[in-house]
Amino acid sequence: MHLIQRPDEPASEITPREVYESRRRLLTGAAALALMPQAFAQSGKLPKLPAVKSAVPGAQTMEKPTSYSDVTSYNNFYEFGTDKADPAENAHTLRTRPWTVSVEGECAKPGKYDIDALLKLAPMEERIYRLRCVEGWSMVIPWEGYSLAELIKRAELNSRAKYVEFTSLADKSQMPGVRANVLDWPYIEGLRMDEAMHPLTLLTFGLYGEVLPNQNGAPVRLTVPWKYGFKSAKSIVKIRFVEKQPMSSWTKAAQQEYGFFSNVNPNVDHPRWSQATERRIGEGGGGLSALFAKRRATLMFNGYEPQVGQLYAGMDLKKNY
Ligand SMILES: Nc1nc2c(c(=O)[nH]1)N[C@H]1C(S)=C(S)[C@@H](COP(=O)(O)O)O[C@H]1N2
Ligand SMILES: [Mo]
């Protein structure tokens with residue numbers, strides 16, 4: 001077993017966010033723009049992705065969305081580097097067309113979906129979800145997509161389909177981070193079938209009314225709002241229905257730290273830090289003031305307990321972390 005030192009874990013305060021923010025404030029004018037183009041990112045540069053407000057219960061948090069700039073410049077996407085600023089800086093080399101998502105495994109109708117056909121499979125909805133990273137920070141993000149269930153039901157599962165496994169692209173020529181051995185590539189994640197079929201589980205194509213920026217997982221990713229962020233695989237190329245519980249990349253890297261379920265749970269601490277509170281990105285301003293911003297209490301199932309709590313009825317959530 002080997003431990004992976006995650007770069008933004010609370011144990012290693014001052015967090016890179018604060019370092020990054022203060023570094024950013026030291027830079028001015030043209031120099032800053034040249035070095036960190038994404039740090040000042042605004043929406044309005046990518047193709048629009050029209051969507052209707054989702055009627056799925058729980059899909060419209062009333063909390064204030066995190067700024068587009070923060071959502072697109074503070075990312076975890078290890079295929080492009082382990083620093084929070086790396087994905088925005090490096091993900092421009094990702095080619096999102098042509099792009100095919102292969103749907104395979106225990107079903108009657110497997111197939112290869114071209115991304116532009118996948119986009120039109122079901123009506124695009126806007127959902128405003130909280131995203132809670134296992135590292136202890138959170139954001140509120142307006143996503144565009146449709147329930148993964150729309151795709152699953154078209155595949156006509158057989159009785160052996162108990163889980164679904166997601167595979168992200170792993171191409172060294174487009175993704176510089178894949179040359180490093182930080183994880184066993186490709187990035188793999190999985191859900192139990194009832195979790196995958198839950199209407200809140202979103203096959204995601206956009207954010208803030210536009211197609212996904214590459215650093216957020218273009219052209220298609222998953223968003224599972226009641227689980228830690230790492231369950232939401234980015235830049236997906238394969239969706240496979242399987243009988244046995246998939247081995248996800250983070251579980252493989254550190255099994256006692258990252259379990260298969262990884263439901264947000266303030267009562268079950270990560271072995272190396274508490275999960276009771278979180279820091280909302282963008283709160284308390286930049287630089288040092290962010291250090292003193294009040295952390296907020298993390299909610300059971302990230303606040304989605306009314307919608308998803310019954311999926312885990314009778315399960316020991318300390319054992320099934
Ligand atoms: N393929 C892939 N998917 C990934 C990751 C990754 O490194 N690679 N990071 C995960 C983690 S830890 C988080 S918190 C979220 C972050 O999503 P965001 O950058 O859109 O906020 O993506 C998840 N999906
Ligand atoms: Mo994360």
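Where in the chain does Pro186 lie? In this predicted model, Pro186 belongs to the loop between strand E6 (163-168) and strand E7 (188-192). The peptide bond that joins Trp185 to Pro186 is cis.

- The shell around ligand 1 comprises 8 nonpolar, 6 polar and 4 charged residues.
- Of the 18 residues around the ligand, those that come nearest are Tyr78, Glu79, Arg221, Ser232 and Lys234.
- Arg221 also makes a polar contact: an N or O atom in its side chain is 2.6 Å from an oxygen atom of ligand 1.
- A nitrogen atom of ligand 1 lies 3.0 Å from a polar side-chain atom of Ser168.
- Asn76 contributes through its backbone, with an N or O atom 3.2 Å from a nitrogen atom of ligand 1.
- Taken alone, ligand 1 exposes 540 Å², and 99% of that area is buried by the protein.

**Aromatic pairs**

- Across the whole structure, a search finds 13 aromatic pairs.
- One of the pairs is formed by Tyr78 and Trp250, whose ring centres are 5.7 Å apart; their planes stand at 70°, so the pair is edge-to-face.
- This pair links distant parts of the chain, as Tyr78 and Trp250 are 172 residues apart.
- Tyr78 is in the loop between helix H3 (68-73) and helix H4 (86-90), while Trp250 is in helix H8 (residues 249-253).

**Backbone geometry in loops**

- Most peptide bonds are trans, and most residues other than glycine have a negative phi.
- At the cis bond between Trp185 and Pro186, omega is about 0°.
- A cis peptide bond also joins Ala218 and Pro219, with omega about -5°.
- Pro219 is located in the loop between strand E9 (210-211) and strand E10 (221-223).
- Tyr208, a residue other than glycine, has a positive phi, near 50°.
- Tyr208 is placed in the loop between strand E8 (202-207) and E9.

How values were computed
Residues are numbered from 1 along each chain as its sequence is written. Chains are lettered from A and ligands numbered from 1 in the order in which they are written. This is a predicted model: local features need pLDDT of at least 70, side-chain atom pairs count only at pLDDT 80 or more; totals for chains, interfaces and linings use all residues. Side-chain values use heavy atoms; hydrogens and water are left out. A residue is near a molecule or strand if one of its heavy atoms lies within 4 Å of it. A polar contact is a pair of N or O atoms within 3.5 Å; within protein, one must be able to donate a hydrogen and the other to accept it, and residues adjacent in sequence count only if both atoms are side-chain atoms. Accessible areas come from the Shrake-Rupley method with a 1.4 Å probe; for residues, only the protein chains shown count as cover. Ala, Val, Leu, Ile, Met, Phe, Trp, Tyr, Cys and Pro count as nonpolar, Asp, Glu, Lys and Arg as charged, and the others, Gly among them, as polar. Rings of Phe, Tyr and Trp (its six-membered ring) pair if their centres lie within 6.5 Å; planes under 30 degrees apart count as stacked, over 60 as edge-to-face and the rest as tilted. Helices (H or I, at least four residues) and strands (E, at least two) are DSSP runs, numbered from the N terminus.
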